[in-house]
Amino acid sequence: MSRRRDERARPRSGRNASADAFRCLHCRLDVPMSAPGTRHRNHCPNCLYSRHVDRDVPGDRAAECGARMEPIAISVRGDGEWVIIHRCTACDELGANRTAGDDNPLVLVRMAARPLAAPPFPLERLAAL
Ligand SMILES: [Zn+2]
Ligand SMILES: [Zn+2]
């Protein structure tokens with residue numbers, strides 16, 4: 001009896017999840033596919049983790065890996081657009097994904113500031129230049 005109830009409590013988990021949403025592999029948030037400012041939502045707006053599903057172009061879903069992709073850096077395009085660099089936790093493949101309008105700004109800024117928080121040389125050296 002209790003087993004039946006458990007199954008009904010999680011109707012959209014795993015492969016049965018609807019095509020217009022996915023569950024984040026990192027923070028377990030249920031994320032709707034539609035996102036402001038982008039046609040292909042490919043990362044979680046809460047923790048910015050992605051999943052290794054695209055191979056050549058965003059949205060092709062041609063990769064068989066399927067593992068978690070960790071957000072490791074921010075890059076800025078010529079038009080000022082921020083791009084998240086993801087690295088696959090299984091195969092080390094790198095990917096670049098545009099930010100979406102509802103991405104967590106605190107996580108974005110923290111990632112962008114990370115190199116300045118851990119410089120490879122003493123920052124005092126800049127004063128001597
Ligand atoms: Zn997440
Ligand atoms: Zn991978």
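How many helices and how many strands does the protein have? The protein has two helices and six strands, as read from a predicted model. Along the sequence these elements follow the pattern α-β-β-β-β-β-β-α. Of the 129 residues, 14% count as buried.

**Sheet architecture**

- Four strands form an open sheet in the order β3-β4-β5-β6, and the pairing is antiparallel.
- The edges of this sheet are β3 (50–51) and β6 (94–98), each of which pairs on one side only.
- Two bridges join β3 to strand β4 (residues 68–76) in the antiparallel sense.
- Within this part of the sheet, Arg51 has Arg68 in β4 as its bridge partner.
- Helix α2 packs on the sheet, where it touches β4 and β5 (82–88). The direction of α2 makes about 70° with that of β4.
- As a general point, strands of a sheet pair through backbone hydrogen bonds, in either a parallel or an antiparallel manner.

**Nonpolar core and contact range**

- The largest nonpolar core consists of five residues, namely Cys44, Leu48, Tyr49, Met69 and Ile84.
- When residues up to four places away in sequence are not counted, Leu48 touches His43, Pro71, Ile84, Asp103, Asn104 and Val107.
- Among contacts in the protein with a separation of 6 or more, 32% are between residues 24 or more positions apart.

**Val31 in strand β2**

- Val31 belongs to strand β2, which covers residues 30–32.
- Val31 counts as partly exposed because it has 17 C-beta neighbours inside 10 Å, whereas a buried residue needs 20 or more.
- Apart from neighbours within four places in sequence, Val31 is in contact with Ala21, Phe22, Cys24, Arg41, Cys44 and Pro45. One of these, Cys44, is also a member of the largest nonpolar core.
- Val31 and Asp20 are eleven residues apart along the chain, and their C-alpha atoms are separated by 8.7 Å.

**Pro115 in helix α2**

- Pro115 is located in helix α2, which spans residues 105–117.
- Is Pro115 buried or exposed? Pro115 is exposed, because 11 other C-beta atoms lie within 10 Å and the exposed class extends to 12 or fewer.
- A separation of 9.1 Å is found between the C-alpha atoms of Pro115 and Ala73, which are 42 residues apart along the chain.

Note on methods:
Residues numbered from 1 in each chain as written. Chains lettered and ligands numbered in written order. Predicted model: local features only at pLDDT ≥ 70, side-chain atom pairs only at ≥ 80, totals over all residues. Core = buried A, V, L, I, M, F, W, Y, C linked by C-beta atoms within 7 Å. Contact = placed C-beta atoms within 7 Å. Pairing = 2+ DSSP bridges. Axes fitted to C-alpha atoms, helices over the stretch in contact; angles between N-to-C directions.
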